[in-house]
Amino acid sequence: APDWAENYGELENFTFSRLSKSLRFSQMQIETNTLLDGKGITMDIYDMLGNGVLLSEGYQDILVESKSFLDTLVNLGLDNRCQAGVHVLIDPRCAYHLQTVKGQSMTELYAHERNLMQMLVPFGLATCYSSDHNLRNKVVAVAGQYLRNRTETEIRSLFAGNFVLLDGEAVRTLVDLKLGVLAGVEKTRQIPMDNGINAYEQVVDGKSYCGLTKARTTMQVGTGDYVQVDYLSNASVHAYTHAFSPYGDDNGPAMTLVDDHVFILPYENYGPALLSPFRRAVLLEALGGAQDVQRPVWTHTPHTTLIQYDLPGRMMLALVNFSGDETQQTVLTFPDGLPVWSAAILYTRDCPAGIPAPISSLGNDLTIDREMPRLSMMVLELS
């Protein structure tokens, strides 16, 4: 949630019951509500038809399990205003500035500014929403038509002072605003998914990703529309991948780094097929080489959400295992170097009062040597 939002969480369970949502999933929802600075939550665990609360559903059992952990979490001082990582930029005025295709449906006013979050979070990157367009020396993610909310001066300042991640719609918006030069872009062309032009994306920079050179990943079935970009001749362009047809024809750059500080992921209307270990590896390669910015911490486990809080005198790292797999240990990479700490405490549902954190370090990696069950969370405090 953005730092200005107030959270009044609600667990919506009836009329669903356990036939639609498991107790463990409900328990995870209740606990993770605290990460949105929530001090409590409304629980709809009755059906409002006169039956009352069905004790046979077992909600009372998970509440007993979680109560002490919840008390700890709300008193840890987790403050959304102090979140760090990739800053996904949003603006509450977005519907005023959107340009729609037909202007006939309410859904056309739905903002796409948050879209990159659906890739960054599963990839394990510390990520947060931000409505502050005056950020400096950060990694920022710009999606959809966010840039229409900003003046030319503000946009130029944003690109000059940060490492910028752009999706395809953001690139097209930048060109439409006559500011494509900021990303080294001359012109763009949107190519719909599954139209036979593009079949796969292939690594072309000669490096090995996930142990493979010339690795390929799909551009079909949920990847989204491909935005073909023509770059300016004077731009410094490093193409990690190119788009290829079913017959091997090269259709131009795909994931690209421009002028060492603009990373372009040329897709829009994208879905889950964008989630590829190769795309993740390429993105981490680009972020690892970013200069003069605060780079995000990341995990090495798919669908382990990481939220970083930089609080006075301490760092809090909340980890949530949203996957269906247990994690035997969690490895965190700090590309800017490990933080300094004199005390490390780990808070879990089983140990709500906290225990000395079982951690070790090697280079820029910090390992938490404790199992994290599926649909569970833990918080590491370094002070």
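Two strands count as paired here if DSSP finds at least two bridges between them. Keep in mind that this is a predicted model.

Q: Which residue in E5 does His 87 stand opposite?
A: Strand E4 covers residues 86–89, and strand E5 covers residues 127–130. The two pair in the parallel sense over four bridges. Within E5, the residue opposite His 87 is Cys 128.

Q: Which residue in E6 is the bridge partner of Val 88?
A: E4 also pairs with strand E6, residues 139–142. That pairing is parallel and runs over three bridges. In E6, the partner of Val 88 is Ala 141.

Q: Which residue of E4 points the same way as Val 86?
A: In a regular strand the side chains alternate between the two faces of the sheet. In E4, His 87 and Leu 89 point the other way from Val 86, and all are buried.

Q: Which helix do the buried residues of H5 pack against?
A: Helix H5 spans residues 152–161, and Ile 155, Leu 158, Phe 159 and Gly 161 are buried in it. These buried residues pack against strands E4, E6, E7 and E18. They also pack against a helix, residues 168–176, which is H6.

Q: Which residue in E23 stands opposite Thr 299?
A: Let's move to the open antiparallel sheet, ordered E20-E23-E27-E26. Its edge strands are E20 and E26, each pairing on one side only. E20 meets E23, residues 330–333, over two antiparallel bridges. There, opposite Thr 299, stands Leu 332.

Technical notes. Residues are numbered from 1 along each chain as its sequence is written. This is a predicted model: local features need pLDDT of at least 70, side-chain atom pairs count only at pLDDT 80 or more; totals for chains, interfaces and linings use all residues. Side-chain values use heavy atoms; hydrogens and water are left out. Buried means under 20% relative accessible area, exposed over 50%, partly exposed in between (1.4 Å probe, protein chains only). Contact means heavy atoms within 4.5 Å.
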